[in-house]
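Reader: Could you take me through some local features of this model, with the criteria behind each term?

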Amino acid sequence: MSTIPSKAIQKVKLEFLRPGPSHNQLLSPLTPYIALCGEEGPVTVQMPFEHRQLLMRLRRLRYESDKDPAKDEQRQAEVRDLGEAIGRVLGQIPALLSELGNAAVEAGKLVHLRLSLSAFELGLVPFELAVGVDGFPGSGSPLFLQTRAPISITREIRRGRPLPINWNRPPRILFAFAEPDGLYVPAQSHLQALRSAIEPWVKIRNPGRDKERVEDVKKILTVLPNATLKQIREACAQAEYTHVHILAHGAPLENSGNKRYGVALCSDFDSSKDIIDGERLAIALTARDSSGNTKFCPTLVTLATCDSGNIESMLTPGGSIAHELHAAGIPWVIASQFPLWMSASAIAAEVLYQRLLDGNDPRWVIYELRQRLRTDAAGTHDWASIVAYATVPLDFEDQVDAFRDKQIRRRLEVKFDRIDELVGANIEIEQTQQTFNSAELEEEIGFLCKSIRNELKAWREEPEAVASFEIKAERLGMSAASEKRIGIAYSLLASSHAVDPSKIPKWAKESKKAYEASQAYYREALEFEPHNYWVMTQFLSITAIPALTSSAAFKCLSKAYGQWWITARQIVEWELNKASGDNRAYTLATMAELALLGVAYGVPDFNDLHAKEEIIRYCNEMRAQLDPDDFPLLSTQRQFRRYIRYWDREEWRGLAYTALETLGGRLSEESLED
């Protein structure tokens, strides 16, 4: 699991302004632009291009079908010359030189250069080609490829108020591709890239259950072959897609005598082309309800379409497809400002979706994508073709980190769900447990447990966990909960009648080791965050289970940890006075569990009847507050179910049944986040 924390990013905003409307003005060396960067004052700069001259130079960057790009010296020279010219423009801004020069001192930190352009004609300038001048990191090299101080560039539109963004949503991807008029697009390569990217979050099933697996995939990925605009609009109106990936050819589009580029989708009536401009596509992607409010809006749209970032004309309002989508309220749009090789588009789909779904910051992903295209699409300038329009709110790093944490948890839950299926942890207590008739199943369980532990170890050792006691405690607690589930799985494996009897001691030993590891992680988490009542409660819980404490030792727990139990109850009572919503539900659950644990830690003053009344009161309040399918309620049911199924003791059996019955729970299922 390779991730880079979002907070290792330095943000630099560069804004170009000029008087007049954004459209209907041509590039000219005579036009002064105001450049604003950082806290320094404004600087006047001129672009060294006549409009017609730049259009001609950009046409030289279009690949010729009969030429090997690696041998096209004229195009390669143009890439370099344009890059140096743009680098000199950026070099005129002292504040930018200072910001980027300082960044080179801090190894490992990414610089996010936010380019704000209000003038349409500046959208034609391929800033992504810039070559660093003296004073910039890696001078003489392409600025956004050099490794001395990684820089990721995004574009954005000036707005009166920030564009809302919710990065932390469960991913759901719409993949639409079109091949009108017999055109070819590498749909299979893109589908394979997307399919591989979502694989860690697709339910693991036994071989031969292809139909169920297809349905599992459809919950995350929807495919629209030979897509029409109507199909895209209907799909976005019916479901909440967080990511939309469009694969199609770009095509010129004329409107009122102005040439722009559109997306060649399929017609609703036949196999001919329907060239869609950015405005129509934006309307289709941002579904609205009857009151005119946006119902669903994707967080990120990727356009594997040539010239989707190409403005071409600035005589009338509007812009490139990417510009129009971003202006319509889509926070992130990644497109191509030049023609893009088909192989490069497949690489882009692979890198973008694999890294983004893993939870990496998109600014790092853009930088990594340019590096990958430079190495794997040798001889091309596809690395500079990638253009990203982006909105980055103040709390964006926190949103990305929260999404990454949830993706890790979801990925682990898929593995645990498979383990539970293999050992029979998902069945009713009255039913016969699943039997093992193959060493392959035992091997698979071992592989999954090792994979879970490795992933959690890497998660605990990430820089933000090392720097923050709170984050460290949370991840240690997560590791403890995972080891607890592994211990349950191995105990079920050891008790299975179909397991080779000679292996039962091995699985019993592995179960105890996992429980001991869980206890140790809870204890360590408590040392980092001593006031965490949930961690303290779970430590007391795991310490009292039969696998770790004999019946004789159970009677001595009050002497060893009775004060811990009293402390935990007091902290939870204080928390309950101010808690609300789900937090109150979890606090009530902890109070109920501590009441049950009083049989171990509350003696000699423990009163079974009083504990039963407390459990009923807390569980009734939870049930009144929550819907039957709310996670806090299900989570609490699962925890009390464990006291009956896996950690059965005569002392707490009746209290556990009381809690489960009051909560309306059944004796089944498991969960990672309990």
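Reader: In which helix is arginine 75 found?

Author: This is a predicted model, in which local features need pLDDT of at least 70, side-chain atom pairs count only at pLDDT 80 or more, and totals for chains, interfaces and linings use all residues. Residues are numbered from 1 along each chain as its sequence is written, and side-chain values use heavy atoms, with hydrogens and water left out. Helices are DSSP runs of H or I with at least four residues, strands runs of E with at least two, both numbered from the N terminus. By that numbering, arginine 75 is found in residues 73-91, helix α2.

Reader: Is arginine 75 buried or exposed?

Author: Buried means under 20% relative accessible area, exposed over 50%, and partly exposed in between, with a 1.4 Å probe and protein chains only. Because its relative accessible area is 1%, arginine 75 is buried.

Reader: How are the rings of tryptophan 167 and tryptophan 332 arranged?

Author: Rings of Phe, Tyr and Trp (its six-membered ring) pair if their centres lie within 6.5 Å, and planes under 30 degrees apart count as stacked, over 60 as edge-to-face and the rest as tilted. Here the centres are 6.1 Å apart and the planes stand at 65°, so the pair is edge-to-face.

Reader: Which strand holds tryptophan 332, in the pair that links distant parts of the chain?

Author: Tryptophan 167 is in the loop between β5 (151-156) and β6 (173-177), 165 residues apart from its partner. Tryptophan 332 is buried, at a relative accessible area of 0%, and belongs to residues 332-336, strand β15.
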